[in-house]
Amino acid sequence: MRIGFVIASGELRNNLEKLEQHDFAASTLNQYLVFDLLRRGIADDVIRKARELYPRKLQELVKALNDYLPNTLMFRPSCGFYAS
């Protein structure tokens with residue numbers, strides 16, 4: 001689950017509220033689930049494991065792209081889920 005929040009005011013807030021009307025936001029159920037996982041401390045272990053796992057997954061992705069599609073990476077990503 002991916003979820004986040006923004007604290008904004010003024011014109012930025014108004015524009016974000018307009019975007020949210022297009023259903024880019026996480027569902028209410030997902031928001032409550034994430035809130036409960038964070039409140040009870042259950043997410044802490046998942047977050048710790050993800051912080052260990054994702055750098056290794058990114059290394060493997062970059063290696064595979066370089067091995068099988070050489071010279072296609074436009075830049076070497078340092079974090080994230082995607083490489084381009």
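This is a predicted model: local features need pLDDT of at least 70, side-chain atom pairs count only at pLDDT 80 or more; totals for chains, interfaces and linings use all residues.
Residues are numbered from 1 along each chain as its sequence is written. Local features need pLDDT of at least 70, side-chain atom pairs count only at pLDDT 80 or more, and totals for chains, interfaces and linings use all residues, while side-chain values use heavy atoms, with hydrogens and water left out.

Helices are DSSP runs (H or I, at least four residues), numbered from the N terminus. Helix 2 covers residues 28-39 and has 12 residues. Its expected span is 1.5 Å times one less than its number of residues. That gives 16 Å, and the end C-alpha atoms are 16 Å apart, which agrees. Just after helix 2, Gly-41 adopts a positive phi of about 80 degrees.

The structure contains 7 salt bridges (a side-chain nitrogen of Lys or Arg within 4 Å of a carboxyl oxygen of Asp or Glu). Accessibility classes are buried (under 20% relative accessible area), exposed (over 50%) and partly exposed (in between), with a 1.4 Å probe and protein chains only.

In helix 1 (residues 10-20), Glu-17 pairs with Arg-13 at 2.9 Å, N to O. The two residues lie 4 residues apart, about one turn of the helix. Glu-17 is partly exposed at 38%. Arg-13 is also partly exposed, at 46%.

Arg-39 is exposed, with a relative accessible area of 54%, whereas Asp-36 is partly exposed at 23%.

Helix 3 (residues 43-68) holds both Lys-49 and Asp-45, 4 residues apart. Their side chains meet in a salt bridge of 3.2 Å, N to O. Lys-49 is partly exposed at 46%, and Asp-45 is partly exposed at 35%. Both belong to a salt-bridge network that also links Arg-48 and Glu-52. An α-helix has 3.6 residues a turn, so residues three or four places apart point the same way.

A nonpolar surface patch is formed by Val-6, Leu-12, Leu-16 and Leu-19. Its area is about 360 Å². Patches are made of residues with over 30% relative accessible area and no salt bridge; like charges are joined within 9 Å, and nonpolar side chains (Val, Leu, Ile, Met, Phe, Trp, Tyr) within 5 Å. Accessible areas come from the Shrake-Rupley method with a 1.4 Å probe; for residues, only the protein chains shown count as cover. Leu-12 sits in helix 1. Its relative accessibility is 51%, so Leu-12 counts as exposed.
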